[in-house]
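I opened a new page for this structure. My plan is to look up a few things and note each one.

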Amino acid sequence: MLQAGDFKIYNASAGAGKTYTLVKEFLSLLLTNESDYHFEHILAITFTNKAAGEMKERIIKTLEEIALSTHPKEDRYILELASELNMKPEIIKTKSHNILIAILHNYSKFSISTIDKFNLRLMKSFAQDLGLSMNFDVEMNTTEIINESVDLLYSKIGEDEKLTQTMIRIAWDNMDENKSWDIRKTLSSDTNDISNDRHLQDLEKLKNISLDEFIRYRKVIFDDIKTLKDGLITIGNEFFELLANNGISVNELPGKSRGIAAFFQKLKNFDGFGLILPTDPNKRAINDNEFLATKNLNSVAESIFPEVKSLFEKAAKINDNLILLTSIQKNISSISLINEVEKSLDSIKKDSNVLLINEFNTIISKNLQNQPANFIYERIGSRYNHYFIDEFQDTSTLQWNNLNPLVENARAQSDTIMLVGDAKQSIYRWRGGNPEQMIDLIERKAEEKIIVEELEKNWRSHENIIQFNNELYSFIAPQM
């Protein structure tokens, strides 16, 4: 159970009972405090409305079951709490009833919410200080409003000469690459992606780059890609010139239909679209000398192998550069217009008096992060002494930094902090989630005086399934 001053992390995989543990810790804080209204000083944060609703329901339902228990001395859950909290079952039953009544009569102070709702509460409290309208609306569907801003940008074609010329250049370049001239969908997608927490610093840098600079850079990228692709064609021609100059026929080379000769033939005939990458057998033929071992070659053929290898390595190096530049090329069209989309977006938000949900973290970071905790508490009308954060691996760097004033204040006052999560479940980096934060805290547990507890038992899956998975990955891991 949490003690005063504890900073605890529960490292819990899916099905390990983290919600059960979180609710139990929450109830323990309520039951061991003299006041029935201690819930007003606990902030629990989740990442979806559904999760917040389920946690509230779970706590209230558990309190109700304890309060209505007819045989508290025989109730296993009550006995478990009684043992851990050193309390009598009858007292836990009575206390649970009183706490339940207090929560239901003061439900607005039962602070279990999403981090977005908590941020909205902060924003509303500081609206005047931030220069925001007191009655601003929140736009949850960021994709829809970004699409609208892209449409507004397109409506300026023909009016804004520089923008029009840029869009025409992009259309021509895309058609030269066998792509659609209309980048509306890509532009919306890229704007949405780059607006999340992970890319905020990059987005700030982009705002300092003019459209003219983007146009120049875009031309450099396209020219560099063309030069590199021409280089691949040259290498293909040089290979066959090397064979001809030494009187060697392609038929004398091993694997002519799918081997090294075939790879260089593709380079020679390269039409400029896509990439031509060597296959694994191609790489082995060069790097492991299979080029020489798979067929009896004459001494002249063997003597040119170093030159063949050199040409292959040149092509490989060009391909490495091409992979990087083509990745940039895929997005440079829309990124060059990101600032223009942002201008359209700002215009729509101003006219509609709305803020995007993903702007909250940025505004708080710029304006509230350095405010004293007491000042923040005063504005939001609640002083928290305990913090619960569920699915911590989904917390972005900015979100965690924004909570720091309150968290550090809690640590300084010997209050409690409890984080629950599993870094493995953050593979999608949902809304900028940064699992490295959780990993880093666990690694620095001694330095930061953090208690780390593993919930190892899986309550969701059958034992034979767990055993099979454990044995499978134990077998595979050494071979990876």
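**Whole chain.** I am working with a predicted model. I looked up the secondary structure and found 22 helices and eight strands in the protein chain. Next I checked burial. The protein chain has 480 residues, and 45% of them are buried. I then looked up the accessible surface, which is about 25900 Å². Carbon and sulfur atoms account for 50% of that surface. Last, I checked contacts between residues at least 6 apart in sequence. Of these, 80% join residues at least 24 apart.

**Helices α18 and α19.** I picked α18, residues 373-380, and α19, residues 397-412. How do their axes cross? I read a crossing at roughly 110°, with the axes coming within 9 Å. Angles of 65 to 115 degrees count as roughly perpendicular, so α18 is roughly perpendicular to α19. I then listed the residues that meet. From α18 they are A373, I376 and Y377. From α19 they are P405, L406 and N409. By class, this contact has five nonpolar residues, one polar residue and no charged ones.

**Residue S344.** I looked up where S344 lies and found it in helix α16, which covers residues 338-352. Is S344 buried or exposed? Its relative accessibility is 0%. Buried means under 20%, so S344 counts as buried. Which residues does S344 touch, leaving out those up to four places away in sequence? I noted S149, L152, L153 and K156.

Notes. Residues are numbered from 1 along each chain as its sequence is written. This is a predicted model: local features need pLDDT of at least 70, side-chain atom pairs count only at pLDDT 80 or more; totals for chains, interfaces and linings use all residues. Side-chain values use heavy atoms; hydrogens and water are left out. Helices (H or I, at least four residues) and strands (E, at least two) are DSSP runs, numbered from the N terminus. Buried means under 20% relative accessible area, exposed over 50%, partly exposed in between (1.4 Å probe, protein chains only). Contact means heavy atoms within 4.5 Å. Accessible areas come from the Shrake-Rupley method with a 1.4 Å probe; for residues, only the protein chains shown count as cover. Axes are lines fitted to C-alpha atoms, for helices over the stretch in contact, and angles run from 0 to 180 degrees between N-to-C directions. Angles under 35 degrees count as roughly parallel, over 145 as roughly antiparallel, 65 to 115 as roughly perpendicular and the rest as oblique. Ala, Val, Leu, Ile, Met, Phe, Trp, Tyr, Cys and Pro count as nonpolar, Asp, Glu, Lys and Arg as charged, and the others, Gly among them, as polar.
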